[in-house]
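Dear colleague,

I am passing on to you the structure shown below, together with an account of what was found in it. Please read the notes with the structure open beside you.

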Amino acid sequence: MLPELGQVLLVLALLVALLQAVLPIAGAQRGNAAWMAVARPASFAQLALVAGAFALLTYAFVSQDFSVRYVATNSNSLLPLVYRYTAVWGSHEGSLLLWTLVLACWNGAVALFSRRLPEPVMARVLGVMGIVAFGFLAFLIFTSNPFERLIPAAAEGRDLNPLLQDPGMIIHPPMQYVGWAGFSVPFAFAIAALLDGRIDARWLRWTRPWTNIAWAFLSVGIALGSWWAYYELGWGGWWFWDPVENAAFMPWLVGAALIHSQAVTEKRGSFAGWTLLLAIAAFSLSLMGTFLVRSGVLTSVHAFASDPARGLFILVFLGLVIGGSLLLYALRAGRLEAGAGFQPASRETLLLLNNLLLASACAMILLGTLYPLLADALDLGKISVGPPYFGLLFFVLMAPLVALVPFGPLARWQRDQASRVVAMLLPWLLVALAAGVVAFFMAPQGAWKSAFGVAGAAWVILGTARFVWSRLGNGGRMTPEMWGMVLAHVGIGVFLAGALLVEAQNVQREVALRPGESLQVGRHEFVFQGVDQLRGPNYLADRGHVLVRRGGRKLTLLHPEKRAYASGGQVMTEAGIRPGLFGDVYVALGESLGDGAWAVRVHIKPFVRWIWAGAFLMALGGLVTATDRRFRRIPQEKSP
């Protein structure tokens, strides 16, 4: 009866979410303290109920209860124990339950750590989060029930998708969901501010750490997804402009703009309406990401489901959330007070340009992602939008942003002299350009990309260091907010160097090799020693042995694999990788060509790990910023 208990818990959570959505908002509008007081206990109750349902589904997987349809579809008696746990979110129903659990965790955390906020504000914020939770719980119960019984019970399960039987997929989806669902907090704040008819800088100060945490987790989730695709798919690439990758990247870009816009609104009172619009857009794009992954409109290695009926539900929900939010914004945004004015040469102007470039990049990706779908729906033919479009336009939009990054922290609020900031940064600009010239002449190939990568990274990192030097040299104090900004900007520089250098200097060879034959790639020699068979817990693998030498000395022995899974016979590639700070040696095993010959793909990928190091530095910067104690000081006596 445990699956039935799980269904009951979800139904109870739905009723609690409805209560949380209606009473607190109505109480805030009417000034009814008793109704407003419902918000916090309802949030905690919803979290407990959803967590209980998730625990019961996890137990069904661990105990291999094949009378539950979802378990029978996504597990198998041969599946290792660790993947029985992760199989809970391995397909549509479970991943949606995980999304709902993460949303409930954010709900509970906001209720727990917001006691200093005025009660009407908190009632509206938690009420809006209750509305979102109600939508997801209704989706779960009425279209995607993970506890549906299979009668009679299956004797054996179908197994988890082999793509997901990987350590990277243990942590990638939860991290990404924490980021996506986390943007519900600034979204709820924005709707609460619009309902109240004004935006208070003290309330905005409270919401800033939540935004930074959500953005940081989304950064980690995207980086982990990129890392998983790099080593699991056997292609050797780290980003493919896949539509589902874009679905995660778009709210990340808007979230980055939101973080900067919130700082201006909180400190100077400017951009208030724009900040609320970005908060709405970040969460709306997160919901759109859910729609794209689960609607069946996309074909992607990242997509979890293909069910247009379920997608229609999400599309209707998305329309209600976005349409309702934008209607409220149109009706109320004009009442917001305008902030202090500022001159063209000021930090506000630089942050405005930052916002416009990030928003334009997001719009460009949104157009490229959705246009093929719209063209197909309108019978305009099959149109593919790929890396040439995304890569060129993204570079055009991001190059000015990279150029402006060092100026922002050094510029003064409201009014400054451009010559002052230029004079501070000019020596470091010359050093960065010199580094780019050296890279241009030393690069074995891709000279221009190498030069741009080194010069851009040096410019961002040295310019950021100039801010730290200026701050500490003048006797100033570096707050956690400032250190977080420094880490994030250094992360941009590290990422930029890794992305452009690996794109410029990546070397790939695909050849047929027999045992004893070798391949020379630059300074590396690859000796193919043959293939043997390896039996795993639920797969049979052809395991290659490739000796790698550099300069005549043994560097490593790599073991790329081709795995055929027992259930379904799906074949997966497992690359053999020697990681390094300054580059990876990457070998993938292809098909058997007969007579002992095998197709072997070899990559030399300089600085590829700097891509993920930069992403994690950016995420760390968001988390450090969130620890600033200033965000937790909210004077109660000035509450409206």
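Helix α8 has 15 residues and spans 21 Å from its first C-alpha to its last, close to the 21 Å expected at 1.5 Å a residue. Please bear in mind that this is a predicted model. Of the 15 residues of α8, 12 are buried, so the helix is largely enclosed by the rest of the structure. Among the buried residues are Met169, His172, Tyr177, Val178 and Trp180, and Pro173 and Pro174 also belong to this group.

The loop between α7 and α8 holds Ser144. Because its relative accessibility is 0%, Ser144 counts as buried. Apart from neighbours within four places in sequence, Ser144 is in contact with His92, Glu93, Leu96, Phe139 and Arg310.

On the α1 side, the residues making the contact include Leu2, Leu5, Leu9, Val16 and Pro24. On the α3 side, they include Ala39, Gln46, Leu49, Val50 and Tyr59.

The model also contains an open sheet of four strands, in the order β1-β10-β9-β8, with antiparallel pairing. Strands β1 (507-513) and β8 (576-578) are the edge strands, each pairing on one side only. From one strand to the next, the twist averages 15°. Strand β8 is joined by three bridges to β9 (residues 583-594), and the two run antiparallel. Ile577 stands opposite Tyr586, which is in β9.

Finally, helix α19 (residues 480-505) lies across β1 and β10 (597-606) of this sheet. The angle between α19 and β10 is about 135°.

With kind regards

Note on methods:
Residues are numbered from 1 along each chain as its sequence is written. This is a predicted model: local features need pLDDT of at least 70, side-chain atom pairs count only at pLDDT 80 or more; totals for chains, interfaces and linings use all residues. Side-chain values use heavy atoms; hydrogens and water are left out. Two strands pair if DSSP finds at least two bridges between them. Axes are lines fitted to C-alpha atoms, for helices over the stretch in contact, and angles run from 0 to 180 degrees between N-to-C directions. Contact means heavy atoms within 4.5 Å. Buried means under 20% relative accessible area, exposed over 50%, partly exposed in between (1.4 Å probe, protein chains only). The expected span of a helix is 1.5 Å times one less than its number of residues.
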